[in-house]
Amino acid sequence: MTSPLRILLIDDNRSDRTLVLRELEREFDPLDVQEITSSGELNQAIAAGNFDAVVTDFQLRWSTGLDVLEMVKQRHPNCPVVMFTNTGTEEVAVEAMKLGLDDYIVKGPNRYIRVPIALRMAIERREMQQRAALLEIRLRGLLNRVKIGIFRFDAEGALIEANRAFLELLGAQSLAQASTMNWFDMRDCYRQLMHLPPPQQQEQEVNLQRSDGTEFWALLTTTLNTVEEVTVVDGLLEDISDRKQAEVDLQQLNTTLEIRVQERTIELQAANQDLEEFAYSVSHDLQAPLRAIQGFAQILLEDLSETLDASSSATLQRIVANAQHLNTLITDLLTYSRLRRAEIHSEPVSLSSVLDNVMAQLNSDIQQQQAQVHIDEPLPIVQANRLILTQVLSNLLFNAVKFVAEGVQPQVRIWAEERVEAGEPSTVRLYIEDNGIGIALDRHEQIFSPFTRLHGEADYPGTGIGLAIVRKGVERMGGQVGVESEPGQGSRFWVELPGVREP
Ligand code: ADP
């Protein structure tokens, strides 16, 4: 249930009171009217304050409407008061309005109905004013509590208002002090905003000076606005010193890191080179004694062939085979190491002539395996180093013939595809396809690393360096290498090299 509207009705005339009361009852429900007919009653009622609005006559036996109005407003400044009279003049009305009267109605036969209307309007106006005042208080509170500076200045660059955070950011005690500070060219900012398209807004990171001379970084957002037909600039000021400092720190850290990475890379390169040189000389020095072991074992085998028993002869043969394997390993390693270190000179090379060479080199292996090698001629010219390309293709063809299942005749097909794209240098892709045992997908990358072997020495002899030589060699010639294969489905290795355009 809503609480009743409480009204003080001040009038000496009983019939007037009755008529007003009747109109009030029509308009307000529930209603609680206290009728006042003496100054004692009025004093008491004002002191108690149990009313929401006042309707008063002007001419009273014991006072005047103006005095009543003054008394009420003194204690209850927001209380709506409506005056209803047949004796007051226009001057009285003006005087009363100045004192805060809400409405003034001249008594007359059809005028009573206007009392409740005037009263309702007065009450609503008061409520609106109260709500607006509350909102204003809340807004002020909020503006003063936010950490962002909020301010407004005019076309002349004069500060009109600012919140607490703004003053604190600038280290100013008051708006007046902030106005004297030369913290930012507001007039110029106004001019710039005038020339911008809507929304006339600007955001900038600025380095500002506080009143004590210290500096800070701020994000300054300014917007051109029209308030009550006056053009002003509304601004937001946010301290971003922490973020700026973090950016500087990060940049410094990045620079330090970059320098450290460069230093470490140089150190690593030097260490790598030392290591390579060491490995190269060790491999090189190992070759001579190894050849001696191999030679002496061979001599023993030949000279003592009549006298040696079967077991000693087998042991000597194993020594020869092991020395042979070690020798191949060292030769491969030296080739690999040389590939990494040597300077590479590329020239136009005929793939056909290189393959002829390779076929001749591997002739005995091809014969022994009864392999069939088919080359799709003609093959194009590529930009390469002849010696390295020979090593690369020799390793690939040797593997293609070697890695076949027992009892299967190796069949190898070699062909090339030339790729020419507008504006791009042409490339040549050479394919070497075999009908061998194939390679599982998850090993395609791995097999190009040194010493990776997927089979035992007994099944397929080798050193595990061949494909590492292939990759390193191709990369050093500016190309790429890869494989497409599945177990049991054969393998298709490819080598991509820069092509040579027909003149
Ligand atoms: P190696 O031939 O001395 O073992 P590679 O580096 O040439 O060493 O090859 C590494 C491994 O990759 C081989 O041991 C083999 O398992 C696999 N591989 C290479 N070529 C083929 C091929 N054509 N078919 C099947 N497997 C292959």
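This report describes helices, salt bridges and some backbone features of a predicted model.

## Helix α9

Helix α9 covers residues 241-303. It has 63 residues, and the distance from its first C-alpha to its last is 90 Å. At 1.5 Å a residue, 93 Å would be expected, and the value found is close to that. The helix has a bend of about 25° at Gln287. A proline, Pro289, follows within four residues of that point.

The buried residues of α9 are Lys244, Glu276, Ser283, Gln287, Leu290, Gln294, Ala297 and Leu301. Together with Leu250, Leu257 and Val261, Leu253 forms a nonpolar patch on the surface. The accessible area of these four residues together is about 380 Å².

Glu267 and Arg264 form a salt bridge, and their closest N and O atoms are 3.6 Å apart. Both residues belong to helix α9, and because they are 3 residues apart, about one helical turn separates them. Glu267 has a relative accessible area of 48%, so it is partly exposed. Arg264 has a relative accessibility of 53% and therefore counts as exposed. The cut-off for exposed is over 50%, which places the two partners in separate classes.

## Helix α13

Helix α13 runs over residues 386-402. Of the 17 residues, 13 are buried, so α13 is largely enclosed by the rest of the structure.

At the start of α13, Asn385 contributes a side-chain contact. A side-chain oxygen of Asn385 comes to within 3.1 Å of the backbone nitrogen of Leu387.

## Salt bridges between strands

Side chains of opposite charge can pair when their charged atoms come close. A search of the whole structure finds 26 salt bridges. One of them joins the side chains of Asp234 and Arg152, with an N to O distance of 2.6 Å. This pair links distant parts of the chain, 82 residues apart. Asp234 lies in strand β10 (residues 230-239), and Arg152 lies in strand β6 (residues 149-154).

Another salt bridge is formed by Glu496 and Arg429, whose closest N and O atoms are 2.7 Å apart. Because Glu496 is in strand β17 (residues 491-498) and Arg429 is in strand β15 (residues 427-433), the pair ties together parts that are 67 residues apart in sequence. Glu496 counts as buried, at 13% relative accessibility. Arg429 also counts as buried, at 14%. Elsewhere, salt bridges that share partners join Asp11, Asp16, Asp57 and Lys107 into one network.

## Cis peptide bonds

The peptide bond between Pro198 and Pro199 is cis, with omega at about -10°. Pro199 is in the loop between α8 (186-194) and β8.

A cis bond also leads from Glu377 to Pro378, where omega is near -5°. Pro378 is in the loop between β12 (372-375) and β13 (381-384).

## Positive phi angles

Gln370 is not a glycine, yet its phi is positive, at about 55°. Gln370 is in the loop between α12 (363-369) and β12. With a relative accessible area of 59%, Gln370 is exposed.

Phe451 is another residue other than glycine with a positive phi, here near 70°. Its place is in the loop between β15 and α14 (466-476). Phe451 counts as exposed, at 52% relative accessibility.

Ser211 is in the loop between β8 (201-209) and β9 (215-227). Ser211 is partly exposed, with a relative accessible area of 37%. Along the chain, Ser211 and Asn182 are 29 residues apart. The distance between their C-alpha atoms is 9.2 Å.

Definitions and conventions. Residues are numbered from 1 along each chain as its sequence is written. This is a predicted model: local features need pLDDT of at least 70, side-chain atom pairs count only at pLDDT 80 or more; totals for chains, interfaces and linings use all residues. Side-chain values use heavy atoms; hydrogens and water are left out. Helices (H or I, at least four residues) and strands (E, at least two) are DSSP runs, numbered from the N terminus. The expected span of a helix is 1.5 Å times one less than its number of residues. Buried means under 20% relative accessible area, exposed over 50%, partly exposed in between (1.4 Å probe, protein chains only). A polar contact is a pair of N or O atoms within 3.5 Å; within protein, one must be able to donate a hydrogen and the other to accept it, and residues adjacent in sequence count only if both atoms are side-chain atoms. Patches are made of residues with over 30% relative accessible area and no salt bridge: like charges are joined within 9 Å, nonpolar side chains (Val, Leu, Ile, Met, Phe, Trp, Tyr) within 5 Å. Accessible areas come from the Shrake-Rupley method with a 1.4 Å probe; for residues, only the protein chains shown count as cover. The bend at a residue is the angle between axes fitted to the seven residues ending there and the seven starting there.
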